Amino acid sequence: MKIPSPHDLGLHKILNPLRPIVSPIVDLGAKQRLRAAVNIADLRQCAKLRAHKMVFDYLDSGADDEIILRRAKDAYSELEMHYHVLSGLQPPLDMSTKVFGCDVKLPFFACPTAGNRMFHHEGESAAARAAQHHGTLYGLSSLGTTSIEDIGKMHDGPKVFQLYVWKDRGLLQDVLRKAKEGGFQALALTVDFTWYGNRERDIRNGFTIPPNYSVKQIVEAIKRPAWTWDFVSNDPYTYANINKDVPADSLAAFVNAQINPAFNWEDAEWLMKEWNGPAAIKGVVRPDDAKRAVKAGFSTMWVSNHGARQLETSPATIDVLPSIREAVGPNVEIIMDGGVQRGTDIAKALALGADSVGVGKPYLYGLAAGGTEGVIKALNILKVELDRAMGLLGTGTVEELKKKGPSLIKRRVTGSSVRDFPYPGPNGCC
């Protein structure tokens, strides 16, 4: 027999009118920590101290032993920035570029991620408002807890809709239609989620959507009053782009029924014809798959390993990025995500072949730490860091960074080996 939840009992309807009084009190500490945050690592700590442990670990974790989660971040540390001096740059630098053929003010954006209202009651709305604030792309997950229609009212700039490999072609056609009607210019097909990754923190925590009401989860909820107040004083969230009447706790059953491991290249070609617009294949890490994706009709390669949450010891995306660029040539758009924690990481990705960069965990830390304010701050931190990196590198525009990139970013060499950057001597020798 199911124990009634607070939402089953209608408690949120009683508590919601009290939000203007209670929320500032329970969120006081979180807001103070958010204002003091200096970098993404600080935002991570802010998120950890505000969110339920089960929720934070879901956001923060990777697959199996989390080897690739660590490697994805560490890989950037192995890349050195060989900067030019006396470049004569005048601020402000130009960070504008194009994504899916649309003009944006920043060469990075918040990746589409599922279930944002789990982290903060503002959910996807916070990320959409932050993207509007910064003039950049917004990405909505098909497992989002805010509808396509509502996002369209908050963000009138370029948008990409992320889609999983569902079995039901009728469902696929329905969400494609809604995305087009909602003003989404591009589609991203996630192809690295045909099996579930093994996320052991979730298993240890007894992760469920929404939380179950075991003694353990209740104790953890008491420890995080701001998150808990958000949860119990707002409407229960649903997965709004599948079926608004399907409660969140039915997600697992739905996904189990709909995820299609047999989805293949022929299915992808059918989807491209149905969409008939700019589209990315999200989850590419191999040059041969990238070449095949171009032939299948995808306009954009999205180099990603699903946030290190699927296949353990898959490659760090920054390591395979140059090979993908070489495989598809200079004219195919490439987006890359994975392991980004700093603006310097974004600069390295742009220099090594990416046209734009997606960030996942950084903005979700901001969301969990403080809703819209937190996401705006997360993107602003990365913007300031990228601006500084470009200035110190001696590149005044994103296009210049991409053009000069291979001579600016070099893999660190340890031991007594000579570096691979050609420092010419007076006679042309090194």
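Author: We may begin with a definition: helices and strands here are DSSP runs, numbered from the N terminus, a helix having at least four residues and a strand at least two. Please keep in mind that this is a predicted model.

Reader: Between which two elements does H306 lie?

Author: H306 has a phi near 60°, a positive value in a residue other than glycine. As for its place, H306 belongs to the loop that runs between β9 (300-303) and α16 (317-328).

Reader: Is H306 buried or exposed?

Author: A residue counts as buried under 20% relative accessible area. The relative accessible area of H306 is 13%, so H306 is buried.

Reader: How is D64 classed by its accessible area?

Author: D64 also lies in a loop, the one between α5 and α6 (67-77). Its phi is near 50°, a positive value in a residue other than glycine. Buried means under 20% and exposed over 50%. With a relative accessible area of 31%, D64 is therefore partly exposed.

Reader: Which peptide bond is cis?

Author: The loop between β1 (79-81) and β2 (97-99) contains P92. Omega is near 0° for the cis peptide bond from P91 to P92.

Reader: Which residues of α11 are buried, and why do they line one face?

Author: Helix α11 spans residues 215-223, and its buried residues are Q217, E220 and A221. Seen down the helix axis, these residues fall within an arc of 105°, so they line one face of α11. In general, an α-helix has 3.6 residues a turn, so residues three or four places apart point the same way. The answer is thus Q217, E220 and A221, on one face.

Reader: Which exposed residues does the face of α11 turned away from its buried side carry, and against what do the buried residues pack?

Author: The face turned away from the buried side carries the exposed residues V215 and I222. The buried residues of α11 pack against α5 (53-60), α10 (200-205) and α12 (225-233).

Reader: What separates the C-alpha atoms of M54 and E220?

Author: M54 is part of helix α5, and at 1% relative accessibility it counts as buried. Leaving aside neighbours within four places in sequence, the contacts of M54 include N205, F207 and Q217. Although M54 and E220 are 166 residues apart along the chain, their C-alpha atoms are separated by 8.2 Å.

Reader: Which residues have the most contacts inside the largest nonpolar core?

Author: This core has 116 residues, and helix α18 (residues 361-393) gives the most to it, with 15 residues. A second, separate core of twelve residues includes V99, F109, V160 and A188. In the largest core, the residues with the most contacts are F298 and M301.

Reader: Which residues does Q341 touch?

Author: Q341 lies in the loop between β10 (333-337) and α17 (343-351). Its relative accessible area is 19%, and Q341 is buried. Not counting residues up to four places away in sequence, Q341 touches I40, K73, P362, Y365, L382 and E385.

Reader: Which element gives the largest share of the lining of the second largest pocket?

Author: About 580 Å³ of space lies in this pocket. Its lining has 23 residues, and V191, D192, T194, G283 and D289 lie nearest the centre. The lining divides into twelve nonpolar, eight polar and three charged residues. The largest share, three residues, comes from β8.

Notes. Residues numbered from 1 in each chain as written. Predicted model: local features only at pLDDT ≥ 70, side-chain atom pairs only at ≥ 80, totals over all residues. Heavy atoms only, no water. Buried < 20%, exposed > 50% of the residue type's maximum accessible area, 1.4 Å probe, protein only. Arc of directions from axis to C-beta. Contact = heavy atoms within 4.5 Å. Core = buried A, V, L, I, M, F, W, Y, C linked by side-chain atoms within 4.5 Å. 1 Å grid on protein atoms, 1.4 Å probe; cavity = no way out; pocket = protein on both sides within 12 Å on 5 of 7 lines; lining within 4 Å. Points joined across faces, edges and corners; volume = space filled by probe spheres on them. Nonpolar A, V, L, I, M, F, W, Y, C, P; charged D, E, K, R; others polar.
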